[in-house]
Amino acid sequence: MKALLISILFFLTASCASPDLTNSVWICTIDDRCTDTLKFESNNRVTHYSCQMNYTFKSTFDISKNVVTISVKDESREGKPEYARLKYHLGDNELYPISNEELVNGKWIKPNAQLAKKYIFKRSK
């Protein structure tokens, strides 16, 4: 009986644990000449290379169940930085876009331009 309870506890713990994305690389092909990249690092850091902007964002990420939230500080333009949150569903080696938000006057809002549903990242490493 004790072994059964330990097995059940182990199964529940393993099934509820968040996936580990550390040291993984994900790519999204925009077109034949353009590919975006996400590189998940230790300490919940992620770098996001945007091919269209030719810019690398240094961001943080969090995983809750199978939702990956990437918090971005955009310093690519002159002036004060902009902040955004991108949410993806983690599927079988793919990240599917769920939503994005921008920080405006201290409040998170959904902008008119949402993440394109075809903006899917596939695990390459």
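Strand S2 (residues 34-40) is largely enclosed by the rest of the structure, because 5 of its 7 residues are buried. Buried here means under 20% relative accessible area, exposed means over 50%, and partly exposed lies in between, with a 1.4 Å probe and protein chains only. Strands are DSSP runs (E, at least two residues), numbered from the N terminus. This is a predicted model, in which local features need pLDDT of at least 70 and side-chain atom pairs count only at pLDDT 80 or more, while totals for chains, interfaces and linings use all residues. Residues are numbered from 1 along each chain as its sequence is written, and side-chain values use heavy atoms, with hydrogens and water left out.

**Strand pairing around S2**

Two strands pair if DSSP finds at least two bridges between them. Strand S1 (residues 25-31) runs antiparallel to S2 and is joined to S2 by 6 bridges. Within this pair, Ile 27 has Thr 37 of S2 as its bridge partner, and a hairpin of 2 residues connects S1 to S2. Strand S3 (residues 45-50) is also antiparallel to S2, with 4 bridges between them. The hairpin between S2 and S3 has 4 residues, and Asn 43 in its turn has a positive phi of about 60°.

**The nonpolar core**

A nonpolar core is a set of buried Ala, Val, Leu, Ile, Met, Phe, Trp, Tyr and Cys residues joined through side-chain atoms within 4.5 Å. The largest such core has 20 residues, and Phe 40, Ile 70 and Leu 95 have the most contacts inside it. Two or more residues come from each of S1, S2, strand S4 (55-64), strand S5 (67-74) and strand S6 (82-90). S6 gives the largest share of this core, 4 residues. Contact means heavy atoms within 4.5 Å. Leaving aside residues up to four places away in sequence, Phe 40 touches a set of residues that includes Trp 26, Val 46, Phe 61, Val 68, Ile 70 and Leu 95.

**Salt bridges**

A salt bridge is a side-chain nitrogen of Lys or Arg within 4 Å of a carboxyl oxygen of Asp or Glu. The structure holds 5 of them, among them those in the table.

| Salt bridge | N to O distance |
|---|---|
| Lys 73 and Glu 75 | 3.7 Å |
| Asp 74 and Arg 77 | 3.0 Å |
| Arg 77 and Glu 82 | 3.7 Å |

Asp 74, Arg 77 and Glu 82 are linked in a network of salt bridges. Asp 74 counts as buried because its relative accessibility is 13%. Arg 77 is partly exposed at 49%, and Glu 82 is partly exposed at 44%. In the remaining pair of the table, Lys 73 is partly exposed at 35% and Glu 75 is partly exposed at 47%.

**The largest pocket**

On a 1 Å grid over the protein atoms alone, a pocket is an open set of points where a 1.4 Å probe fits, with protein on both sides within 12 Å along at least five of seven lines; lining residues have an atom within 4 Å of a point. The largest pocket has a volume of about 790 Å³, the volume being the space filled by probe spheres set on the points, which are joined across faces, edges and corners. The lining consists of 28 residues, and Phe 57, Asp 74, Ala 84, Leu 86 and Glu 102 lie nearest the centre. At least two lining residues come from each of S3, S5, S6 and strand S7 (94-104). S6 supplies the largest share of this lining, 5 residues.
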